[in-house]
Amino acid sequence: MDRGFTVEGLTVTYMPRDMGVGNADTIQQRARFFGYKLPYLGFCRVFLEQGLLQAFQFYVAHERDIRQRLMEHRGRPLSEWRRAFFLDSNFRPIRR
């Protein structure tokens with residue numbers, strides 16, 4: 001098995017990997033454990049190493065900040081939006 005393998009009905013994921021080099025875009029992609037399975041989200045379980053768990057928590061805080069800033073900018077052109085992203089110092093936005 002490799003990336004992109006789908007298991008129908010999967011509700012448990014174990015990820016023994018660490019956060020790697022800390023690319024935020026990679027952390028975001030790894031967070032798609034179950035795809036979009038809202039109807040049975042309460043049954044889903046994810047087991048992570050402590051460092052990766054913290055990385056996901058930091059990323060969620062980053063994403064909430066961006067969403068809040070977009071909501072505050074609502075109704076105005078995006079070209080006028082001052083992009084100031086507060087990313088945890090453990091992350092890089094993308095690979096070099």
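E63 forms a salt bridge with R67, and the closest N and O atoms are 3.1 Å apart. By salt bridge I mean a side-chain nitrogen of Lys or Arg within 4 Å of a carboxyl oxygen of Asp or Glu. This is a predicted model, in which local features need pLDDT of at least 70 and side-chain atom pairs count only at pLDDT 80 or more, while totals for chains, interfaces and linings use all residues. Residues are numbered from 1 along each chain as its sequence is written, and side-chain values use heavy atoms, with hydrogens and water left out.

Back to the pair. E63 and R67 are separated by about one helical turn, because they are 4 residues apart in helix α2. Helices here are DSSP runs of H or I, at least four residues, and strands are runs of E, at least two, numbered from the N terminus. R67 counts as exposed because its relative accessibility is 53%, whereas E63, at 25%, counts as partly exposed. The cut-offs are under 20% relative accessible area for buried, over 50% for exposed, and partly exposed in between, with a 1.4 Å probe and protein chains only.

How many salt bridges does a search of the whole structure find? It finds 2. D65 forms one with R69, the closest N and O atoms being 2.8 Å apart. D65 and R69 are also in helix α2, 4 residues apart and so about one helical turn from each other. D65 is partly exposed at 22% relative accessible area, and R69 is partly exposed at 24%. As background, side chains of opposite charge can pair when their charged atoms come close.

Y59 lies in helix α2, residues 50–73, and counts as buried because its relative accessibility is 12%. Leaving aside neighbours within four places in sequence, Y59 is in contact (heavy atoms within 4.5 Å) with A24, I27, Q28 and F91. With Q28, the side chain of Y59 also makes a polar contact of 3.3 Å. That term means a pair of N or O atoms within 3.5 Å; within protein, one must be able to donate a hydrogen and the other to accept it, and residues adjacent in sequence count only if both atoms are side-chain atoms. The C-alpha atoms of Y59 and A31, 28 residues apart along the chain, are separated by 9.6 Å.

H62 is in helix α2 as well. Is H62 buried or exposed? H62 counts as buried, because its relative accessibility is 9%. Not counting residues up to four places away in sequence, H62 touches F85, F86 and L87.
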